[in-house]
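Reader: I want to go through the wording used for this model, term by term. Please show it first.

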Amino acid sequence: MKFNTKLIHGNARLDGTGATNTPVYLSNAYAHTSAEKLEKIFQGKDMGYAYTRISNPTVTSFERRIASIENGMVATSASSGMSAIYLAVMNMVESGDEIVSSSGLYGGTYTLMRNLKSIGVKVHFLENINPDTLKSVINKKTKLVFAETIGNPRLDVLDIGAVSKFCKDNNIVLIIDSTMTTPYLIKPLEYGADIVIHSTSKYINGTSNSIGGIIVDSGSSKYTDPRYENFLPYTKKYGKMAFTAKLKDTIGRDVGPALSPFNAFLNLTGVETLSLRMKEHCKNALGIAKYLSNNDKIVDVNYPGLESSRYYDLAQKYYKNGSGGILTFRLGSKENAFKFLNNLKLILDLTNIGDTKSIIIHPSSTICSNNTDEEKRQMGVYEDLLRLSVGIEDVEDIIADIDSALKEL
Ligand SMILES: *Cc1c(COP(=O)(O)O)cnc(C)c1O
């Protein structure tokens, strides 16, 4: 199947009633015909469901769909994007281990990484992640490299080909957060990433009606490297399924952040229109970025699809279908930024991205308020910076709203 067909039919498992949508199985537990059968399900020797914290038919359906779309082997969902990132990272590290991460991160991920110090895990943040900078910080204790495809909100474009080649040559697992770009724009596993994560709360769901996250496992063979000796029982028993098998057997079960079956249903519905939405998000974002770069009240516009962006060449190389739906711009002062926000009528001032609606926020005072000044600098967050998640309204109406808010400054 090609991409758009997969969004609608990929890896479908229907229930036999003829229902065209996966039903919502709102049942915590499942009865079986014999004690022997339930024993086998618990041992993983038979297919079937036991308890919805572990697995659920609607949730499985969503996981299978995303695995298909990302060309992954298997996917595991979680109750939020943050819990997906937490599970994936904690599946890899123990006290004494090290991580290398791009500093162009979502605020919550930055603090998650920073807080790993409390369990004795050291994180090296790289402002410019590439083979040279990576080489200077990796060692035998490095368990993973983490980066976002396009950083939120720094909008730095990862050279995913170069970074994944480095990770392959050194047998280090590469985990990519592709929330900002979605499989419509890039499939990180095709470039050699081992794990791809989404906050499905954003573009995958598409209309912001449910929080969720997903971890897609490529089925990497890196876990047989001596670096990953704690994976040994899993590589022996499950081969290329080692990462997911360990996840389900340890941290996944310990923490239990199950995606609600109802949210899985909403995500399954939302993802069907991913291509149509992303195409419009990208087109509108480019139009607005061009408009803003011609307005003298704007100090700086950052959008990887603009020729003036330092990431333009990388964006052209990896993002042939568009440069995403997010842009940032600076207004000279926090006072101007707040005035502008208060002048807007159509664009909503709130914390979210990837909705059909246009959304704006002042990151420094909100989503990054838990970050220190030095962290904000590394994340590309300035006092006068606004982040706009461009919706799929008619672009003329979005521009008119921006235009009138700017005129009042
Ligand atoms: C929103 C977001 C997250 C966190 O996802 P939640 O579903 O809000 O927990 C992680 N990474 C990126 C890039 C995000 O935009």
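Reader: Which residues is Pro261 in contact with, leaving aside its neighbours within four places in sequence?
Author: Pro261 is in contact with Val24, Tyr25, Leu26, Thr52, Asn56, Thr58 and Val59. Contact means heavy atoms within 4.5 Å.

Author: A word on the basis. This is a predicted model, where local features need pLDDT of at least 70, side-chain atom pairs count only at pLDDT 80 or more, and totals for chains, interfaces and linings use all residues. Residues are numbered from 1 along each chain as its sequence is written, and side-chain values use heavy atoms, with hydrogens and water left out.

Reader: Why is Pro261 called buried?
Author: Its relative accessible area is 9%. Buried means under 20%, exposed over 50%, and partly exposed in between (1.4 Å probe, protein chains only). So Pro261 counts as buried. Pro261 is found in helix H12, residues 261–271. Helices are DSSP runs of H or I, at least four residues, numbered from the N terminus.

Reader: How far is the C-alpha atom of Pro261 from that of Asp159?
Author: The two are separated by 36 Å. Along the chain they are 102 residues apart.

Reader: What makes Asn343 buried?
Author: The value is 14% relative accessible area. The limit is under 20%, so Asn343 is buried. Asn343 sits in helix H15, residues 334–343. Beyond residues up to four places away in sequence, Asn343 touches Ala405, Glu408 and Leu409.

Reader: Why is Tyr238 called partly exposed?
Author: Tyr238 has 39% relative accessibility. Tyr238 belongs to helix H9, residues 232–238.

Reader: Which residues form a nonpolar patch on the surface?
Author: Met73, Tyr238 and Met241 do, with about 260 Å² of accessible area together. Patch residues have over 30% relative accessible area and no salt bridge; nonpolar side chains are joined within 5 Å, like charges within 9 Å. A salt bridge is a side-chain nitrogen of Lys or Arg within 4 Å of a carboxyl oxygen of Asp or Glu.

Note on methods: Helix = DSSP H or I, 4+ residues; strand = E, 2+ residues; numbered from the N terminus. Areas by Shrake-Rupley, 256 points an atom, 1.4 Å probe, with all protein chains shown as cover.
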